[in-house]
Structures are given as C-alpha cells and as structure tokens.
Amino acid sequence: MKKKSWIIIGIVIILILSFMTFGFLKLKQNIKQDKEITKQNIEKVTKYYNEFNDLAVSFNEKSMSLTNKISNTFFTNLKEEQENFQNILEELNDIQNNMELISKELETLCKATYIDATINRNCSSYQVSLNSANLVYDETVENYNHFITQYNAWTQENEGYEEIPLYQKNETR
C-alpha cells in the first residue's frame, strides 16, 4: 500500500511539474509575442507620425503661401488669381483629410503607453497638431471669404469686374 501511495505522489508531482513547465513555456511565448507586437506598433507609430508630420509641414507651408498671396493681391487682378486660391484651399482640405485618416490610425496605436519616450511624445502631440491644422484651415477659409466679400463690395463701385462666389468648404470631417 505504501508503495502505491508513493507512486501516486510521484505521478502527481510529475504532473504538477509538467503543468508548471508548460505554463512557464506558454508565458514565455506570450511575452515574446507581446514584445514583437509592441515592436511592430512602435514602428507603425513612427511611420504614421512621420507621414502625419510631413503633411502638417506641407499644410503650414501652403497655408502661409496662400495668406501671403492673398495679402499681395489687388482687387484688379483677383479674378485671375481666384482659381489658384481655390485650388490651394482644396489642397489644404485634402491634406487635412489625410491628416484625419492618419490620426485615426495613431489614435488606435496610441491607446497603449510605450517604453520609448519619443513614441509617447509623438502619441500625445499629433492631436494638438491636428486641432491646430483644423483651426488654421477654418481661419484661412474665413479670411479668404472676407477678402472676397470686400472684393465683391468693391465691384459694386467699380464697373467691369464680376463678383466672385465665396469659397464653400468641403465638409468631409
């Protein structure tokens, strides 16, 4: 009887050790998978943030360019420049829409906190840049339309000039 109980105790110990070993190996595998997923997510955040940042720089350059062009345009030649201005406004809208798409990807990836401080900083800053771009776009359209309104009032007093319609934003956001 004693011999049977020692055999049973031995089998139980072997089973416990087997389950512990299996559990440890499974845990090690899960940790390895988590590290790989985290590495891939860091690479994605870097890629998306760089794309987003490039768009933000382009947006700012085009916005400043449009503002400068408007401020250097006289009412007498506004009709010739109007199509250029509206094309730039459309480009700004397209850039802004692309920034929105990338921000959705970043929003998903940035729900986690990463060990890399640069990644965490990028995750916390892209939304500020997006909000700024939205405000700048709205202000740019508002300033352009104000300029057109002034021009249209001017055409009432000066013959030979046609009124220009206000710019209508493409609301895809």
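Colleague: How does H2 pass H3, in a left-handed or a right-handed crossing?

Modeller: Two packed helices are described by the angle between their axes and the distance between the axes. A crossing is left-handed if the near helix is turned anticlockwise from the far one by less than a right angle, and right-handed if clockwise. Here H2 crosses H3 in the left-handed sense. This is a predicted model, where local features need pLDDT of at least 70, side-chain atom pairs count only at pLDDT 80 or more, and totals for chains, interfaces and linings use all residues. Residues are numbered from 1 along each chain as its sequence is written, and side-chain values use heavy atoms, leaving out hydrogens and water.

Colleague: At roughly what angle do the axes of H2 and H3 cross?

Modeller: Axes are lines fitted to C-alpha atoms, for helices over the stretch in contact, with angles from 0 to 180 degrees between N-to-C directions. The axes of H2 (residues 78-109) and H3 (residues 117-157) cross at roughly 160° and come within 10 Å. That makes H2 roughly antiparallel to H3 (angles under 35 degrees count as roughly parallel, over 145 as roughly antiparallel, 65 to 115 as roughly perpendicular and the rest as oblique).

Colleague: How many helices and strands does the protein have?

Modeller: Helices (H or I, at least four residues) and strands (E, at least two) are DSSP runs, numbered from the N terminus. This protein has three helices and zero strands, in the pattern α-α-α along the sequence.

Colleague: And what box do the C-alpha atoms fill?

Modeller: Along the principal axes, that box is roughly 120 × 25 × 20 Å.

Colleague: How many aromatic pairs are there?

Modeller: Rings of Phe, Tyr and Trp (its six-membered ring) pair if their centres lie within 6.5 Å; planes under 30 degrees apart count as stacked, over 60 as edge-to-face and the rest as tilted. The count by this rule is eight aromatic pairs. One of them is the tilted pair of Phe75 and Trp154, 5.5 Å centre to centre with 45° between the planes. Phe75 sits in the loop between H1 (2-71) and H2, while Trp154 is in H3, 79 residues apart. Trp154 also forms a tilted pair with Tyr161, with ring centres 4.6 Å apart and planes at 55°.

Colleague: Which residues do ring pairs link into a cluster?

Modeller: The cluster consists of Phe75, Phe147, Tyr151, Trp154 and Tyr161. Phe75, at 22% relative accessibility, is partly exposed, and Tyr161 is partly exposed at 31% (buried means under 20% relative accessible area, exposed over 50%, partly exposed in between, with a 1.4 Å probe and protein chains only).
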